Amino acid sequence: MVAQGSCLCGQIEYQVELIPEKTFNCHCSFCRKAHGAAFVTLTLAKGDTLNIKKGKEILKEHKNDLGGFRAFCSVCGTRLMNYAPDKSMYLAIALSTVDTPVNFCPGAHANIESKASWHEPYEGIPAFQGIPEGALD
Ligand SMILES: [Zn+2]
Ligand SMILES: [Zn+2]
C-alpha cells in the first residue's frame, strides 16, 4: 500500500509503498536504543518508491558499523526509517511515523533474545530469535 508519513515536527514528509505482510516488532538493542523505546514496529517498503516530499535537507543519517543507515529528523529527532546504502535492497519504515491509516498488524516479534529485561512482548504473534526466516526477502 502507498502510505504517507511524517516526523513529529512535520517538516519531513515522505511517501512510500509499504509491504504490509513484512511488519514486525524489532526488540534488538540497536532499535531499542535508537528509538528510546521497548521495541519498534517496522514495515518493509519498496526502496525505489521512497519519495521524500519535504525536508530532505534536514533528514540526517546515522551510519552503523555494518554500513546501514538510520534516518532521523534533525529538528525534532523523530526516527523515520532504516535502509541499506542501496534502498532497493533494504528499506524499513518506522510504522509509527506513517500517517495513512493502516489496517494491518505486526506478524511477529523479532530479535527476542535481546529484548529489554523489563518488557514482556505481548502474546498472539510468534516470537523469533533474530529475524524470522523470509521476513526480509
Ligand atoms: Zn521533524
Ligand atoms: Zn532492530
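The points below go from model basis to overall fold and then to the core.

The model is predicted: local features need pLDDT of at least 70, side-chain atom pairs count only at pLDDT 80 or more, and totals for chains, interfaces and linings use all residues. Residues are numbered from 1 along each chain as its sequence is written, while chains are lettered from A and ligands numbered from 1 in the order in which they are written.

**Overall fold**
- The chain has one helix and nine strands, where helices (H or I, at least four residues) and strands (E, at least two) are DSSP runs numbered from the N terminus.
- Along the sequence these elements follow the pattern β-β-α-β-β-β-β-β-β-β.
- The chain is as compact as a globular protein of its length, because its radius of gyration of 14 Å is close to the 14 Å that the globule rule gives for 137 residues; the radius is taken over C-alpha atoms, and the rule is 2.2 Å times the number of residues to the power 0.38.
- The C-alpha trace spans about 40 × 25 × 25 Å along its principal axes.

**Contacts and burial**
- Of the contacts between residues at least 6 apart in sequence, 56% join residues at least 24 apart; a contact is a pair of C-beta atoms, placed from the backbone, within 7 Å.
- Buried residues are 29% of the 137 in the chain, buried being 20 or more other C-beta atoms within 10 Å of the residue's own.

**Nonpolar core**
- In the largest nonpolar core, which has 28 residues, Cys 26, Leu 42, Leu 80, Met 81, Ile 93 and Ala 94 touch the most other members; such a core is a set of buried Ala, Val, Leu, Ile, Met, Phe, Trp, Tyr and Cys residues joined through C-beta atoms within 7 Å.
- Strands S2 (13-26), S3 (40-45), S6 (69-73), S7 (79-83) and S8 (91-94) each supply at least two residues of this core, and S2 gives the most, with five residues.
- Beyond its neighbours within four places in sequence, Cys 26 is in contact with Cys 31, Phe 39, Val 40, Leu 42, Ala 110 and Asn 111.

Technical notes
A residue is buried if 20 or more other C-beta atoms lie within 10 Å of its own, exposed if 12 or fewer, and partly exposed in between; C-beta atoms are placed from the backbone. Two residues are in contact if their C-beta atoms, placed from the backbone, lie within 7 Å.
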